[in-house]
Amino acid sequence: MDGQRFAIGGRVVDADDPQLQDLLARAYEAPGRPRCLCVAGGVEMYVAFHRHFQIKRMPETGDRHHPACPSYEPGPAMSGLGELVGEAVVQLDPARVELHVDFPWARVPGRPGVSREPAEPSEVGRTRRRMSLRALMHFLFERAGFNRWSPAMAGKRNQAVLHKYLLQAAEAIQVKGEPLSNRLYVPEAFSETAKAEQAERRRARLSVLQPHDGRQPLAVVLGELKGWESAPAGARIRIRHMPDAPLLADARTWARVQRGFAPLFEALDSDGGRGLRLMLAALIRARREHTYEIDLASLMLTSEEWIPLEGVHEVPLIRALVAQGRRFVKPLRYDARTAAGFANAILLDVGADPAPMHVLSPFMTPADRETKLQAVRVAGGGGWVMDGAMPEMPLRTRQ
């Protein structure tokens, strides 16, 4: 597939057609829907407006597109997202989704913090599945497209791109009745010459944290962990591109983070840790003016290209795919008990049928190894499996 083509208002146009914006403007008000022509008969799309008109995939149609199409997406069951759709993830309309999360947007002093369970329920019933902070981070990265890779992306991912697309994705996500973008801060690419203006924009965005009515509002900071150091009451956490605004954490909170995410911290110091990144999603509150304290945190390992990783065992595969210029998508765990049941990557440049790729690690638990082998059997048994040395990749087909 050389490029995406659409049927809009009786015309067939390429994605780079100079008249596309005019056609989308007319289609935005028209009753019919454009179609992506990546497969016979096409796949229905919708038109959105975000600074300019955009043609987007309809919900739950990603796997109807050809794998070579930019609108292709594996079905939710291919990742941990499948367990959340319909309960923790609710589609409001083609452009907006509502997330039910397991953490609040405010803290009331004197009441239990966000990491503690209620002492005793007042009634018993079916529990609605809710999304953790880690799953929220996975959802944002997937919506922003950072779990996808194609050769055209090489050299084009940086902090400015991360900032732009994560915040853009957050604008279409509702959490507790408001856009997630109201409560999300992703650092701008730091500039020494513009640091005063950047600091002012950060303070303006985080002004949502100002206490009121006896409540301490909360917000999410999402950035790359640079390091941490001891502070009088705990730890001072440094985020890349936020050198003038460290996050504070009390000793118990940061000890829990280090203990709970020890394998990810160790990954950065491992033999294959060169170039890896550790992303921090922190639920924060204002300790005082412009001083931010972590209430809850989650960490996620990524490649140098910000592709999310489950662990170091996936690094050789992802690096090989990037180096060889392959097109692929990386299924994410979300809140699944284990990621072993999902492919470690899905190749999209092998024709009409995507190729799941599985990695077997000698450090897997016996249960996870059996889960992984079962996933391989379900996928066809003879699929691509790495169990030690890197086997030959499936052949790329001409798109």
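Which strand holds the place of Lys56? In this predicted model, where local features need pLDDT of at least 70, side-chain atom pairs count only at pLDDT 80 or more, and totals for chains, interfaces and linings use all residues, that place is in strand β5, residues 52–57. Residues are numbered from 1 along each chain as its sequence is written, and side-chain values use heavy atoms, with hydrogens and water left out.

Lys56 has a relative accessible area of 31%, so it counts as partly exposed (between the cut-offs for buried, under 20%, and exposed, over 50%, with a 1.4 Å probe and protein chains only). Leaving aside residues up to four places away in sequence, Lys56 touches Met45, Tyr46 and Ala48; a contact here means heavy atoms within 4.5 Å. Ala233, 177 residues from Lys56 in sequence, sits 48 Å from it in space, C-alpha to C-alpha.

Turning to Ala169, this residue lies in helix α3, residues 159–171 (helices are DSSP runs of H or I, at least four residues, and strands are runs of E, at least two, numbered from the N terminus). Ala169 counts as buried because its relative accessibility is 12%. Leu140, Arg143 and Ala144 all touch Ala169, again not counting residues up to four places away in sequence. With Ala144, the sequence gap is 25 residues and the C-alpha to C-alpha distance is 5.6 Å.

As for the protein chain as a whole, it has eight helices and 23 strands. Of its 399 residues, 49% are buried. Its C-alpha atoms fill a box of roughly 60 × 55 × 55 Å along the principal axes.
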